[in-house]
Amino acid sequence: MEQDGQLSAYREHLLDALRDLPERRRGESSGSLQVFVNQECVGTVDCEGTSTTLLSVSQQQPVREVEIRTAAGLLVGSLSAQEVGMKVARFSLGTEALEVSVQNRSDGGSVRVTYRAPALLWDRVQNMAMAMVRGFGRRGTRVLPEHVSLTPAPSLLLNHAWPKLAVVAQIVLASAVVLLVVDRLTDRFGTESTVAQVAPNSEPSVIKPTILEEALARQEQRLLKLTQTQEAAVQTLKAQQREIGRLHRAVVERERMRDQLQRLTAAKEALSRDVALLEVRNRELEHGLKEQAVALAKVLLPQPPDKPTAGGGSEATLPPPIQPPQMAEVRRENPFTFWVSFQDGTSEESIEHLIHEIHGRRGPTSAGWYNVEVNLPQPQTQDGFFESLKKTKIVKAIATSLNTTPGQ
Amino acid sequence: MAERQVLSTKLSILATSVDEFDCLVAETLPDLLDRATDHLRRFLRETGQWADDISHEKLALRWGYELLERFLVWGRNEVPCRPYFLLDSFIARYLSQPEPFCYHKDLLTPLGRFLDGVTARAVLSRDALMALFYHLYGFGQGQVVRILDLGPTESQRVYKNFERWRRAGWQRAMIESGMTDSELLQIEDQKRRHSEQIIAEADRLLRAVQDHYRKSEPDHFRCLTRQQWAHMFQEGYGYDYRVWHLALCRECLVVTYDLRQDGLAGIPAPRIDLQFRPLSKGRIVSFIMKYREDGNGAGRPTQRLSRTSA
Ligand SMILES: [Zn+2]
């Protein structure tokens, strides 16, 4: 009964932990992510900073599954792959995006994890650039509906607004010119008529004031008209200035975007160069590894019977020995015998346990000394082996032979 | 009867988008957990690894939970799908892999579950991976940095969020492996009273646990020869390798300690010294001060933190 309670409490805890997952995932800062291939960690991808980072792994087994986890172990992405073929998946982590691609061939599999930050910036700029190119190509008079529907980014709208702006500005400019011309014409005609009326006539003075008044009134009107026209012209100019300012800003924005685009393109090129370099280095390393394997295989081959010494001859024909020569020696099964004595009061069981642990075979026992034969499969020297054996609590002393004084 | 009908309706629901998948699994979480647990119970039974007791029930629940956690993320890439059937095939696929379990009867004891729990967590979480050095051998952060020969950048990277382990990670690992407070107290008491016995027991279990979780797949972070380790440390590469493998392989940890013994004055050889609870913050500070003090006094053995706190 109590056990049932314990079990259901445990089940509830686990369910809570599962319900918590989306919340925890949101709360986690990415930092660096761990990549697991077939449930084994193969490395980490740095997700800080603004650069694109990449992890590429190849192996001889096919890739069954890839998991992406945060440093705290939280699973944020998972993908299972086909036996042969390619599979790609994208995971988004807040504003960041991770692309995982798996490629399985008959001779093995590879995984590529690409982190892009900040996500979408590159795509957005690319979209914008494409829209701009098309926009200019069509002289900016037609709207590009496919792009408008794709990405309603503000900068993109600006991009479409700008051909329209040009049209508006042209209309404003044209109407301003027409107004000025009209004004100029009416003004001149008016002046001429006044002069014509005043000059040839030397009429009685009674008429004069009327004429003067009329002239003054006309002039007033003209002045009024002129100021009105001027005002209109000023307004037009101001509007034009505003339009020009906006156009200018649009041009500056365009320049800025072009710069950004160029920088990004350059960065992308540099990146692909780096990747190419890395690939070269990778191939070199692989090549080096193969050579090492060949060298190792040569060393490991038994000496031909006609060569009495294992000396310089074989070493000279080897490619640069990357592994120390003693490695090959100890790589072979290296059986040897030694004597060991134990602390007083050590039980037979512990002795057996130790001998079993070192894969030893027991020989005769003599005056508290145990004869043991071991193989050292690891490239460990006898000295190294003795050193670690001496560290074992129950071991009192070790000797290579009972005739000589024991080493310790 | 009605229950059966509800189940068959649930079974046939199709998730056509990621959102629908998320919604559907969130609504049916308890059913999915029970379903996963059922599969694992049956598997254990069929492979002769079952007994009708609470520890086996806990084991089935824990594995069910872990698989379900994976499924919830993995399944989002498999829409459109019917989550119930997809879960079945996901578990079947998992169980058909070679050695899908680390079933070891002794791992069902509190000590076994503790070791299994922290190590299983370490496979997934770097915080837990670094914490293993402390929980298994009592090594503090400064000691681990020297043993692994990490530079400032690497140690900053691996220990950056270590506080998170103390705060939440450890507790989560304990909850997930079904450890209760009284069980923790019980093994702590055992350690106090029968130290030798528990070390011997842990030694035996740790071999099985580490072998399993290291997976020993040939391509990544496998055991290296003494020479290869020496080369790695001399040339200063493979930091991920060191951190990952040495946390999960006691033999190699001993080898690398041996190799670099001269530079590790004051740090005792790695021996099992179980710490069941995370290192509290104050102790780390006192450790760093101690470490600085000892920096000058060459050869003077630094007292191990675990001893001062015991
Ligand atoms: Zn190892």
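Me: Which residues are the protein donors of the zinc ion, and how far from it do they lie?

Reply: In this predicted model, the protein donors are C223(B), C249(B) and C252(B), each through its SG atom, together with H245(B) through NE2, and they lie 2.0 to 2.4 Å from the zinc ion. Along the sequence these donor residues follow the spacing C-x21-H-x3-C-x2-C.

Me: How should I read the angles among the four donor atoms of the zinc ion?

Reply: The general idea is that ideal angles at a metal are 109.5 degrees for four tetrahedral donors. Here the angles among the four donor atoms run from 103 to 115 degrees, and the site of the zinc ion is tetrahedral.

Me: Turning to the two chains, what is the area buried between chain A and chain B?

Reply: The size of an interface is often given as the accessible area lost when the parts come together. Between chain A and chain B this area is about 5300 Å², with carbon and sulfur atoms giving 51% of it. Y10(A), Q39(A) and E40(A) supply 14% of the area that chain A buries against chain B, which is more than any other three residues. Counted by contacts, 57 residues of chain A meet 54 residues of chain B.

Me: How many salt bridges and polar contacts are found between chain A and chain B?

Reply: The rule finds four salt bridges across the interface, and 13 residue pairs are in polar contact. R11(A) forms a salt bridge with D34(B), where the closest N and O atoms are 2.9 Å apart.

Me: Which element gives the most to the side of chain A that touches chain B?

Reply: That element is α1(A), with 15 residues, and the residues of this side of chain A divide into 20 nonpolar, 21 polar and 16 charged.

Conventions: Residues are numbered from 1 along each chain as its sequence is written. Chains are lettered from A and ligands numbered from 1 in the order in which they are written. This is a predicted model: local features need pLDDT of at least 70, side-chain atom pairs count only at pLDDT 80 or more; totals for chains, interfaces and linings use all residues. Side-chain values use heavy atoms; hydrogens and water are left out. Contact means heavy atoms within 4.5 Å. Buried area is the accessible area (1.4 Å probe) that two parts lose on being put together, summed over both. A salt bridge is a side-chain nitrogen of Lys or Arg within 4 Å of a carboxyl oxygen of Asp or Glu. A polar contact is a pair of N or O atoms within 3.5 Å; within protein, one must be able to donate a hydrogen and the other to accept it, and residues adjacent in sequence count only if both atoms are side-chain atoms. Helices (H or I, at least four residues) and strands (E, at least two) are DSSP runs, numbered from the N terminus. Ala, Val, Leu, Ile, Met, Phe, Trp, Tyr, Cys and Pro count as nonpolar, Asp, Glu, Lys and Arg as charged, and the others, Gly among them, as polar. Donors are N, O and S atoms within 2.8 Å of the metal (3.2 Å for Na, K and Ca); water is not among the atoms, so sites may look incomplete. Four donors count as tetrahedral if all angles lie between 85 and 135 degrees; four count as square planar and six as octahedral if opposite donors are over 155 degrees apart and all others between 65 and 115; anything else is irregular.
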